[in-house]
Each structure stands twice: as C-alpha cells, then as structure tokens.
Amino acid sequence: MALKLFNTLTRSIQEFTPLDPSSKKVGMYCCGPTVYDFAHIGNWRTFVFADLVRRTLEFSGYEVKHVMNITDVEDKIIKRVREHKTTLREFTGKFETAFLDDLKALGCREPHQKPRATEHIPEIIALIEKLVARGVAYKAADGSAYFSIDKYRGCGCTYGQLLKLNLDEMRTGERVAADEYEKESVADFALWKARVPEDGDVFWPSPFGEGRPGWHIECSAMSIKALGETFDLHLGGEDLKFPHHEDEIAQSEGATGKPFVKHWLHGSHLLVEGKKMSKSLGNYFTLRDLIAKGATGREVRYLLLTAHYRETFNFTLDGLAGAKAALGRIDECVGKLRELAGSSTAAPEAKLVEQFSAALENDLNIAAAWASVFDWVRETNKRIAENALSATAAASALAAWDKVDSVLGVGGKAGSDIPAEITALAEERTAAKKAKDFKRSDAIRDELKAKGWVIEDTPKGIKLKKI
Ligand code: AMP
Ligand code: ZN
C-alpha cells in the first residue's frame with residue numbers, strides 16, 4: 001500500500017509521492033517555535049505531529065531532510081526583550097534551549113537543520129529585493145517594504161490557495177505591519193519593517209533602510225535556502241494556514257515563479273478540558289508544568305499521539321493518568337518478552353507490522369494504529385500466560401514491537417523507571433562533556449539533582465540513580 005495524506009492545497013487525501021519519484025528523498029519544513037516563552041502543550045501537539053509525519057516517512061523507506069526554523073526575531077519577542085531589559089540573543093537563547101530540551105523529552109527526532117531567522121538576514125533581504133524587482137513588492141515612505149497582493153494577483157497568481165478566500169467579500173485593508181493580523185482582512189503585508197525607537201538595538205541595515213524582517217518572509221527565505229525553490233512537504237498548526245502560510249506561498253512563488261510546496265499538512269488544535277488554553281482560565285500548560293505534576297515526557301507524547309491530527313484534541317489531566325496506565329501495559333508485555341527472548345534474535349512477526357502500517361498509510365490513522373498495538377499486547381499476554389512462546393517467537397514479537405515503536409517513539413527500555421526527560425538531560429550532559437562544555441555539563445548535573453537524580457560516570461557509561 002502507498003502512504004496517503006490529506007493535502008490542504010487540494011483539500012483531499014492524496015497518495016504522497018516525492019517531487020522526484022525516482023528518489024526516496026523528501027524535503028520537509030515545519031514552522032518552528034517563536035522563542036519568546038516556553039512552548040505550551042498546544043504547540044507540542046503540532047511538533048509531535050511533525051515528528052510522527054517524519055517517522056512515518058522514514059518507516060516507509062524515505063530519506064527525510066527535516067528542517068524546522070527558529071523564529072528568533074518577531075513582534076512579541078521584541079516586546080519582551082524591551083520589558084526584560086535584555087538582549088535579543090540572551091532572551092531567545094534561553095527559550096530556544098528550553099524548547100530543544102523539551103523536544104527531546106517528548107521523544108521527537110531532532111530536525112536535521114534548525115535555521116535561526118537572525119542568521120538569515122542577507123537571504124531575507126535578497127528575497128525581498130527579488131520581489132521588488134519583479135514588481136510584487138514595494139518600498140513605503142517610512143522605509144518598510146510591503147508585499148502587494150493586488151500586483152501579485154495581477155500577474156495571474158492566486159492568493160488564497162490553502163483557504164478559499166473570497167477576496168471580493170473580504171475587507172481589504174491598506175496594509176499591515178503586524179506579524180499576526182486580523183483574519184478578516186486581506187492587506188499588503190510587511191516584508192521588512194523600518195526601525196522604530198521601540199525596537200531598541202534590534203535592527204539590521206538593508207537597501208530599504210534600517211529595520212528587521214517580517215515573520216512570513218523569514219520562513220520563505222529559510223525554507224528555500226534549506227530545501228530549494230520547490231519542495232515536498234510543509235507542515236504547521238491549522239492557525240498558520242492564513243495568513244502565515246498563504247503569505248509564504250505568495251512571497252515564494254512571487255519571487256521564483258515556481259510552485260512552492262507540493263504537499264501541505266496542517267494539524268488541528270488542542271483544547272484543554274474542552275476550552276481554548278488561556279492563562280486566566282488556569283488551563284495553560286507547558287511541558288514543564290505537566291512534569292511538575294508528576295507526568296513524564298513519554299506519557300505526554302503518548303497522549304498527544306492518541307488523536308488523529310485533523311481532529312481537535314481535548315487534553316485532560318485524566319487523559320494523562322490514562323496514558324500512564326496504557327504505557328504500563330505495553331511495558332509489562334515488552335518486559336516479559338525481553339525475559340523470554342534472552343539473547344535470541346528473529347525477524348519481526350508480520351501481523352502487527354502489517355496492521356500498523358496499513359493504519360498509518362491511511363492518512364495517519366493513529367487510532368487504528370494504537371488498536372493494532374493493544375490487540376497485539378492482549379494476544380501476546382495470552383500466549384505468554386499459556387507458555388506458548390518460545391525464545392525465538394518472543395524475539396520475533398519484540399522485533400515487531402521495535403519496528404512499530406520506531407514510529408511511535410514511546411518504547412522505554414523494559415524495567416526502566418527513569419523518566420524520558422531525565423534520560424534526555426543525561427544524554428545532553430554527555431554531549432556537553434564531549435564538546436568540552438563543562439559549564440553546561442555541570443549545570444545539567446545540578447538540574448538533575450534538583451529533579452531528584454544523581455548521575456555517575458562509570459567505565460561502562462553513565463548511571464542514573466534516584467536520590
Ligand atoms: P508559535 O511558537 O506560536 O509560532 O507556534 C508554534 C506552533 O504551534 C505552530 O505550528 C502553531 O500552529 C502551533 N499551535 C499554536 N497553538 C496551538 C494549539 N492550541 N494546538 C495545536 N497547535 C498549536
Ligand atoms: Zn513559517
């Protein structure tokens with residue numbers, strides 16, 4: 001069977017084929033975090049979804065180049081830098097590190113490239129100049145540069161490819177300078193924002209004058225640089241369809257004259273206890289908040305992976321308790337299989353892998369994928385109880401689990417009660433030591449201690465012990 005995914009561009013479920021069907025290479029871009037705060041559990045739903053897409057493609061034999069940008073200059077960031085009386089890099093660096101730590105704790109594979117917007121100013125400027133030269137962008141009197149939707153449409157291009165926008169009925173504003181703007185208005189949007197006093201020292205020189213890039217152009221410039229003018233797959237949360245992704249398409253196609261992305265995937269939003277997350281409702285959770293409540297990254301990952309990506313997911317604390325129980329059932333079964341298998345090895349048994357693949361290939365039908373796992377757990381437990389499993393059969397069952405877990409990414413080692421985020425921190429410390437960054441490795445040791453774990457270096461590697 002072939003992998004089928006919903007494409008927002010065609011509004012239909014389509015067979016996924018890469019641009020170059022003769023190769024197994026896929027270029028995938030996921031809009032990354034705006035690093036002005038800790039990512040919340042809604043953001044994590046989208047990033048875990050991106051990880052599921054990547055792992056599914058890899059499971060299907062594709063070689064994925066996964067790019068996720070870091071938005072480290074944008075309206076909200078500048079406001080906070082000013083409020084905290086700090087520098088841009090110091091401020092964003094802290095949240096970028098926290099984001100990457102959390103990404104690991106959630107068992108997500110690290111993107112191959114994580115370009116920062118502030119490190120791509122020349123590419124951004126060059127792209128804007130191209131748009132100006134092609135007549136679809138213009139410099140305004142205040143030294144900002146804007147994208148002209150009228151001029152773009154005048155060239156026969158479509159603005160509104162992802163959402164059917166009724167441009168005649170929509171309020172057309174003059175122009176918008178904000179990175180996020182009213183969804184009812186279609187207005188010329190800022191590519192380059194002229195320096196204003198509130199920006200402090202966050203500005204760069206450019207042919208249009210001193211200033212900084214708009215949010216949308218950052219993604220066009222970085223994705224084109226990393227993946228080329230046309231690439232396979234672009235992902236994000238559903239709120240990004242308009243204006244962010246629509247503007248990315250307009251900028252990219254306006255500059256290159258080529259189709260920007262073949263396949264667009266959007267994940268639906270997450271609600272908490274049935275409501276939109278907000279600090280005033282007290283239902284706003286970061287991963288760290290949930291860990292403080294006793295959850296592990298692995299449990300959160302499991303829970304986020306239980307719902308289909310195109311359905312709104314209602315996150316509840318009860319659901320988190322259910323995640324612990326469900327993972328416990330898997331761990332118990334896998335633990336018994338490991339004991340039975342000993343050092344035997346065998347090819348994966350077919351049934352689980354076949355059912356699991358068929359479910360995922362059907363537009364990532366994760367509910368059916370989990371059903372195949374839990375049916376397998378039930379049947380395997382029965383076979384174990386009946387003493388019907390030889391060491392080879394147990395090894396074959398384990399190999400099947402390892403294969404499906406290469407997509408699910410929840411498979412803690414049998415018997416291990418070390419939370420995923422503690423393991424992730426320990427791994428980060430090892431990497432820091434290797435890089436001779438002893439300040440960071442000491443800081444991680446302290447962080448582990450504060451979380452109740454001591455780390456020991458032994459000749460066989462590191463050992464983690466609960467205090
Ligand atoms: P941001 O850091 O605000 O740029 O958002 C990062 C990602 O999180 C984007 O892909 C958003 O679409 C996504 N996102 C924001 N809120 C939610 C939510 N409640 N549920 C799912 N995804 C979300
Ligand atoms: Zn983007």
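1. Searching the whole structure turns up 32 salt bridges. The model is predicted. The points below take up a few of these pairs.

2. Start with Arg 212 and Asp 75. They form a salt bridge, and their closest N and O atoms are 3.2 Å apart. Arg 212 belongs to strand E9 (residues 211-213) and Asp 75 to helix H2 (residues 75-84), so the bridge ties together parts 137 residues apart in sequence.

3. Arg 212 has a relative accessible area of 7%, so it counts as buried, the cut-off being under 20%. Asp 75 is partly exposed, at 23%.

4. This pair also sits in a network. Salt bridges link Asp 75, Lys 193, Asp 199 and Arg 212.

5. Next, Arg 429 and Asp 457. Their salt bridge brings the closest N and O atoms to 2.9 Å. The pair links distant parts of the chain, 28 residues apart: Arg 429 is in helix H14 (residues 420-434), Asp 457 in strand E14 (residues 453-458). Arg 429 is buried, with a relative accessible area of 3%. Asp 457 is partly exposed, with 43% relative accessibility.

6. Asp 457 has a salt bridge with Lys 433 too, with 3.3 Å between the closest N and O atoms. Here again strand E14, holding Asp 457, is linked to helix H14, holding Lys 433, and the residues are 24 apart. Lys 433 is partly exposed, at 31% relative accessibility.

7. Taken together, Asp 457 bridges to Arg 429 and to Lys 433. Both partners lie in helix H14.

Methods: Residues are numbered from 1 along each chain as its sequence is written. Chains are lettered from A and ligands numbered from 1 in the order in which they are written. This is a predicted model: local features need pLDDT of at least 70, side-chain atom pairs count only at pLDDT 80 or more; totals for chains, interfaces and linings use all residues. Side-chain values use heavy atoms; hydrogens and water are left out. A salt bridge is a side-chain nitrogen of Lys or Arg within 4 Å of a carboxyl oxygen of Asp or Glu. Helices (H or I, at least four residues) and strands (E, at least two) are DSSP runs, numbered from the N terminus. Buried means under 20% relative accessible area, exposed over 50%, partly exposed in between (1.4 Å probe, protein chains only).
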